[in-house]
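I opened this notebook to record what I looked up, beginning with the aromatic residues and then turning to a helix contact and the totals.

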Amino acid sequence: MVAFSYSRLSDRTKFRILTLRPGQLDNPLSGTLSEQTNESYEAISWTWGTDEETSFIELDAHKRMFIKPNLERALKHLRRHHEKRVLWIDAICIDQSNPEERNAQVKMMSKIYSNAVNVCVWLGDKDKDGKSDKAINFITNKISDLGAFDEHINDKKYNEEWDALGRLMTRPWFSRRWIIQEIALATAATMHCGDQCVGWNEFALAVALFEKGSPTMSTKFKRSEAFGNDPEYFGAVQALGACRLVHATTNLFRRSDDRTRIVEHLLTLEDLVSTLSAFESKEPHDTFYAVLSLAKDVRARIKSDTPRSSSPVKQKAHSWPSGMDGSVDNSSDKERKRDSDEIEEPGGQRRKTAISTRFSEPDPNPDGGLPAHRTDSSLSQVSTTSDGMTDKQSKLAEMVVNQFKKATNPKNKQIFDIDYKQPFFEVCKQFLDFVLKKSGNLDMLLRPWAPQVDGLPSWIPTLDRTAFAPRRAKSAAGDYKMNRRNADPLVGQTGLRRKVYNASKRVARPDDWKFGDSREHTSSLSVRGFELDRIGRLEEVSQMGNVPEPWLKLGGWPARRTQNSSVEPPPDQFWLTLVAERSPHGLNPPPYYRDACLYAANHSVDGGGIDTKDLKNYGGSSITAEFLERVQAVIWRRRMFRTRRDGRLGEKLGLAPHTAEVGDSRFLQKLDAFTRKLTRLQVYVLFTAVLCPSSSAKFHLAISAGTKFLVDLQRGIISDHTEIQSIISSANVMSME
């Protein structure tokens with residue numbers, strides 16, 4: 001049997017489909033590969049894994065293509081017994097050895113998955129102990145009954161079912177980055193595990209209810225010897241890939257009433273990259289490329305399609321709502337003119353905009369302002385038009401139409417070039433250039449999102465800084481559970497209506513930072529800022545989110561509980577610093593946090609600090625548990641300090657990363673010893689935007705006296721409410737390599 005070889009596609013907009021011949025589970029695989037024309041097909045979403053291609057499928061009359069064993073098992077389970085099945089699957093339908101074809105097919109992924117009649121998700125073989133079958137039966141027969149939800153959560157007889165579902169949710173498929181697009185764009189999807197199958201909507205409901213009921217289940221499992229009396233048996237459920245996938249697909253789009261069309265994209269590229277860090281990809285470039293078609297503010301373009309430009313971003317940022325998809329720009333001028341009156345949807349269909357048909361002439365003002373004076377009678381007459389509008393109303397209506405057409409036209413999205421040959425660092429700079437200019441702040445430098453690739457400067461936050469990470473444990477529902485390993489970024493999540501902190505009063509300017517150009521080291525980032533204060537006294541690192549005893553003394557709360565007395569109430573400055581002066585949702589902390597802090601101290605070991613883990617899990621107070629969970633999110637692996645000014649300890653109390661050092665004259669020369677990454681909010685705002693690199697980095701500082709502006713400085717965890725504006729006396733221009 002000869003090896004299979006691909007024939008060249010007739011057009012770069014075409015793709016292949018596999019017609020899989022019928023057979024029984026133990027029969028060899030066979031089928032034909034051809035270009036898709038008008039046939040209906042299903043798409044397969046699966047996990048490539050690391051196995052070698054030792055299995056095979058027979059294609060086109062005795063030609064053998066080697067495939068991975070996992071894919072062989074998937075196709076055998078999905079194959080019908082008595083009739084053919086038409087499928088699209090990336091490993092077979094794309095010539096993976098042809099980079100040009102591979103790059104061209106990547107840009108078509110959104111079209112392929114949105115046009116498929118169904119997306120078949122292969123989770124893998126069923127568990128030998130029957131847990132996967134139990135989980136799917138639980139989803140199908142029990143969880144969908146919302147009237148019995150409280151019973152299912154509280155009754156211990158369902159512990160095994162919840163455990164089985166938790167294991168299913170940790171399957172490797174849920175860690176893939178491309179699955180977000182594959183599921184989000186699907187008009188229908190089914191989840192397959194062995195010979196069991198469940199619809200995506202039913203599965204998503206089960207995941208959402210699992211997350212909803214996880215606090216109650218933690219309490220229940222704490223009392224169960226069968227599960228090790230472990231209140232953290234499921235770990236941080238909200239950080240699981242399955243939960244994040246359901247959140248993402250729920251909030252990506254607004255769909256039409258029949259759910260078949262995407263009416264509006266809701267998330268920006270910044271939102272997607274920030275919130276989907278739990279999903280991995282083999283290629284680091286796919287950190288961005290896998291979500292381009294889902295973003296409301298960008299569209300993809302193959303780099304080779306256009307002349308090279310020195311600017312990483314090709315179009316001026318647009319502030320109006322997004323278009324309808326992430327399609328690639330290969331259109332002619334004629335097509336662009338046609339698109340001004342049409343909307344292209346993910347499936348490639350086009351439809352006329354309802355209100356644009358009233359004005360058939362070209363847009364006289366492409367910037368979306370009031371149209372220029374026109375001489376045609378329909379707009380120059382003072383009398384009302386045939387539909388009853390005055391001349392002024394007609395002009396206003398046309399202005400709205402022009403803006404609507406511009407806002408909903410995919411061609412007006414920001415262009416993001418796809419180029420797998422480009423170094424990953426350059427792609428990161430392209431992304432940051434777009435995000436920082438668009439947002440007007442440096443928050444993205446505090447949210448971990450980049451895979452750990454050699455050669456990245458420290459101002460690109462890598463995934464080793466994420467708040468949660470998978471950890472294998474004997475006491476876990478699946479192969480792993482998500483445990484906290486770092487504090488949360490203090491800037492909060494993207495997409496919030498109001499910023500968590502806003503000391504800059506929105507006066508930041510895009511030219512307050514820049515990347516290194518050809519005259520500098522290209523890995524540098526320069527930021528304008530000013531020195532606010534320096535660390536004067538620094539205490540030990542918070543281990544596992546516990547509050548060390550020296551922190552209490554530094555915070556002005558040295559009194560300890562004795563046999564006949566209680567601890568005095570904590571100073572506001574101290575407990576506010578422990579929670580970063582915010583609730584988990586970025587609002588002011590609730591008033592009971594102060595009393596919860598006092599309760600925690602009263603129930604801690606004499607002469608020690610506050611053991612947040614034990615008190616949270618076994619303290620018996622849900623209010624205290626809520627407070628301590630917030631404390632862990634803020635202080636984990638951070639250090640508490642007081643500032644020093646003019647040789648004396650100041651009144652300001654703050655938190656710093658675990659690598660911080662007491663600041664002296666060396667502080668300005670050796671910032672890498674201070675912290676790996678110090679920006680606004682990350683360390684009590686010693687600078688407006690100090691971006692500290694690794695120990696091998698070098699710094700260049702220059703003083704620019706009299707420069708009085710801020711670079712989106714956030715008040716962060718300053719607890720004495722010092723007026724920032726009164727502190728500004730000079731500015732530093734800083735470059736990091």
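Which residues form one aromatic cluster? Working on a predicted model, I found that Phe138, Tyr158, Trp162, Phe210, Phe221, Phe227, Tyr233 and Phe234 form one such cluster.

I then searched the whole structure for aromatic pairs, and the search returned 29. Phe210 sits in helix α9 and Phe234 in the loop between α9 and α10, 24 residues apart, so that the pair links distant parts of the chain. Both Phe210 and Phe234 are buried.

I also looked up Trp557 and Phe574, whose rings lie 5.7 Å centre to centre with 50 degrees between the planes, and recorded this pair as tilted. Because Trp557 lies in the loop between α17 (549-554) and α18 (572-578) while Phe574 belongs to helix α18, the pair ties together parts that are 17 residues apart in sequence. I checked burial here too, and both Trp557 and Phe574 are buried.

Next I examined helix α9 (residues 200-222) against helix α10 (residues 241-251), whose axes come within 9 Å and cross at roughly 115 degrees, in a left-handed crossing. On the α9 side I listed Trp200, Ala204, Val207 and Glu211, which meet α10 residues including Leu245, Val246 and His247. The residues of this contact divide into 7 nonpolar, 2 polar and 1 charged.

For the totals, I noted 21 helices and 25 strands, with buried residues making up 56% of the 737 residues in the protein.

Conventions: Residues numbered from 1 in each chain as written. Predicted model: local features only at pLDDT ≥ 70, side-chain atom pairs only at ≥ 80, totals over all residues. Heavy atoms only, no water. Axes fitted to C-alpha atoms, helices over the stretch in contact; angles between N-to-C directions. Helix = DSSP H or I, 4+ residues; strand = E, 2+ residues; numbered from the N terminus. Left-handed = near helix turned anticlockwise from the far one by under 90°. Contact = heavy atoms within 4.5 Å. Nonpolar A, V, L, I, M, F, W, Y, C, P; charged D, E, K, R; others polar. Buried < 20%, exposed > 50% of the residue type's maximum accessible area, 1.4 Å probe, protein only. Phe/Tyr/Trp six-rings, centres within 6.5 Å; stacked < 30°, edge-to-face > 60°.
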